[in-house]
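Reader: Please show me the structure. After that I will ask about its parts, a few at a time.

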Number of protein chains: 2
Amino acid sequence: MAHIKLFIPGPIEVSEKTLRAFATPMVGHRSKEFQALYAEIKPRLQELFVTKQPVFVSTTSAWGVMEGAIRNLVSKKVLNCMSGAFSDKWFDVAKKCGKAAEAYQVEWGQPILAEEIDKRLATGEFDAITLIHNETSTGTMNPLWEIAAVLRKYPDVQFIVDVVSSFSAMNIPFDELGIDVLLAGTQKALAMPAGACLFAVSEKAFAKAATIKDRGYYLDFLEFRKNAESDMTPTTPSISHFYALRSKLDDFFTEGLENRYARHLANAKLARAWALDRGFELFPAAGYESVSLTCVKNTRNVDIPKVNAHLKKTYSCVIDGGYGKIKGTTFRLSHMGDESTENIRLLLEWMDDAIKVAGA
Amino acid sequence: MAHIKLFIPGPIEVSEKTLRAFATPMVGHRSKEFQALYAEIKPRLQELFVTKQPVFVSTTSAWGVMEGAIRNLVSKKVLNCMSGAFSDKWFDVAKKCGKAAEAYQVEWGQPILAEEIDKRLATGEFDAITLIHNETSTGTMNPLWEIAAVLRKYPDVQFIVDVVSSFSAMNIPFDELGIDVLLAGTQKALAMPAGACLFAVSEKAFAKAATIKDRGYYLDFLEFRKNAESDMTPTTPSISHFYALRSKLDDFFTEGLENRYARHLANAKLARAWALDRGFELFPAAGYESVSLTCVKNTRNVDIPKVNAHLKKTYSCVIDGGYGKIKGTTFRLSHMGDESTENIRLLLEWMDDAIKVAGA
């Protein structure tokens, strides 16, 4: 079967170079070879997270660390900011972990507002808040800097931020923003295989975790810290992801982080302009469009399965036909990862052709 | 750097064929392509587990599912059978999950005894028991069939069994043994890359999980079951491990399971005979030696780091120098996975040479 390139918002295309690194033969995870590998990666991860804190690699997808953050940090009550399929679900997950949780729900596509968070945190009821920076289901990016400014007023509240699909597509400085847990999925903008999650933890979060007795083991943040001090992981890691990550970090720093971020923004602007020019609307509220994917309102009622069938057959690629309750009424173009602006330009040409063929 | 072949008890050598499958480009995990992949694997996993129950793949190492089993199934108290580094730790993990736990501890190398379990379960205090079938740290295999026979007397007790390093090295029939959760690490006898865990769950365990309110999400057994019904996983899986698993199952059924099991036993017998013939003793109590690795008492005080240095330099391979509190006083030879009897014969010749060079 021909390889089908993924312009869906994760998993995305993984380069042959990354896949070759990923397929490096095993080493023992308690060996000097593994320690050297992790030691080589660590400072560059810190540079990418813009932090002096340790950065960890969890052998789970992002939901593992999302649940882990709840288990490590919530003893009173968590405020779940909800604006799409994934952020909505975090509220359910908090309750499934036996924690008290409150929903701050906005309509899908609308932003989470700093002042609304402020009002809720002012009650003093909460010791943690969860925010998805870039809601992948709706292509909406929340105002992280404004929200971080509000959080500074609440030093007892743990600020848990999911940047699963925006991380490495723009600068997200962990220390400067005062974030307590920041987590990123490997299969999104990092352009690595699915199956691991990068995360950083603040000193404030470590201190809080130390007070929580039933935080578990597999995602115990203190175990991660202790083991990382000797360049190891608490349990057997997906060693292959460490190899892929080393290769990917080489790519990032060869391109230059600023260039990488600029490329993602240029690609996003192209995709947005294309959608508007072709008579579609953007799903997110104006000013809150994601930098890594474009969620388009299917105002022309294009038959997206037909579009995808043509893209697959003629151009060996696929886009995404919408997620959850907005499946069909939206479609999503991913422009994260390694995609050059030329590639995105091509994708948009192919879209034009596919829409014509689909008869819209 | 030359490739160093791993004769340590996990991660072990992964074949080039498996690594090639592992490095297959991504597909969307909500796509028909992924569903077809999982659907192809499922019946063969059931054949391997000898079960009619669903078999799942968790994107965690084994500790994820070991913790998950505790969270899904323990409401009263868990009995942790402890006889080595990993089984001892399960007791700590149960407590870190906020569960009441009791230790049944035997000396490392001694077997867990069915009658001792019987005595403890007869108190009626327990609703779950954890057992590591093949304690990797000591190379000791517990009498699973005898223990399973005792467990039949206690239908309210969940029987959680870790076969991390014995699975696929011998027949472990899930349904026949009446096990409730059986979990296996990919990086051991399955000869796959580290980073995933196979597990099966009984109807009794699903029913119990449904009564536990804070069982979480990432390892919620009911979520796994619901998603597996449509050939999917609750969260983004390590898709690469599914590809590797498909390739590996091809290998298993091409060799034939009975041949595979016979090969592992033959290799184990070779290694044990070599150790005894060379004046060493076996660490496990007689009759309880593991079929997948041989833990040797270093009665000749061989300098194992020197042995390993020679093996590495001359034969591009390594063995293991012991784990935890028996590091140095034992060493471990792994003969699990794809190793032919000829390979193990060679390894033992190399050991002879290396021991001579090390000056023992």
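Reader: In which loop is A:Ser316 found?

Author: This is a predicted model, in which local features need pLDDT of at least 70 and side-chain atom pairs count only at pLDDT 80 or more, while totals for chains, interfaces and linings use all residues. Residues are numbered from 1 along each chain as its sequence is written, chains are lettered from A, and ligands are numbered from 1 in the order in which they are written. Helices (H or I, at least four residues) and strands (E, at least two) are DSSP runs numbered from the N terminus. A:Ser316 is in the loop between helix H12 (304–315) and strand E13 (317–318) of chain A.

Reader: What is the phi of A:Ser316?

Author: A:Ser316 is not a glycine. Even so, its phi is positive, at about 50°.

Reader: Which element gives the most to the side of domain 1 of chain A that touches domain 2 of chain A?

Author: Chain A is divided into domain 1 (5–12 + 256–357) and domain 2 (16–253), with bounds from an automatic or database domain assignment. Between them, 26 residues of domain 1 of chain A are in contact with 25 residues of domain 2 of chain A (C-beta atoms, placed from the backbone, within 7 Å). On the domain 1 side, helix H11 (257–277) and strand E12 (293–297) of chain A are the elements that give two or more residues. The most, 4 residues, comes from H11(A).

Reader: How many nonpolar, polar and charged residues does that side of domain 1 of chain A have?

Author: Ala, Val, Leu, Ile, Met, Phe, Trp, Tyr, Cys and Pro count as nonpolar, Asp, Glu, Lys and Arg as charged, and the others, Gly among them, as polar. By class, the side of domain 1 of chain A that touches domain 2 of chain A has 15 nonpolar, 7 polar and 4 charged residues.

Reader: What is the average twist from one strand to the next in the open sheet of chain A?

Author: The sheet has 7 strands in the order E2-E10-E9-E8-E5-E3-E4 (chain A), with mixed pairing (two strands pair if DSSP finds at least two bridges between them). Its edge strands are E2 (55–58) and E4 (101–105) of chain A, each of which pairs on one side only. From one strand to the next, the twist averages 20°.

Reader: Are H5(A) and H6(A) roughly parallel or roughly antiparallel to each other?

Author: The axes of helix H5 (residues 114–121) and helix H6 (residues 144–151) of chain A come within 9 Å and cross at roughly 25°. Axes are lines fitted to C-alpha atoms, for helices over the stretch in contact, and angles run from 0 to 180 degrees between N-to-C directions. Angles under 35 degrees count as roughly parallel, over 145 as roughly antiparallel, 65 to 115 as roughly perpendicular and the rest as oblique. H5(A) and H6(A) are therefore roughly parallel.

Reader: How many nonpolar, polar and charged residues does the contact of H5(A) with H6(A) have?

Author: A:Ala114, A:Ile117 and A:Asp118 in H5(A) meet A:Glu146, A:Ile147, A:Ala149 and A:Val150 in H6(A). By class, this contact has 5 nonpolar, no polar and 2 charged residues.

Reader: Which elements give two or more residues to the side of chain B that touches chain A?

Author: 41 residues of chain B are in contact with 41 residues of chain A. On the chain B side, the elements with two or more residues are helix H1 (16–22), helix H3 (62–73), helix H4 (85–96) and helix H10 (239–255) of chain B.

Terms used
Contact = placed C-beta atoms within 7 Å.
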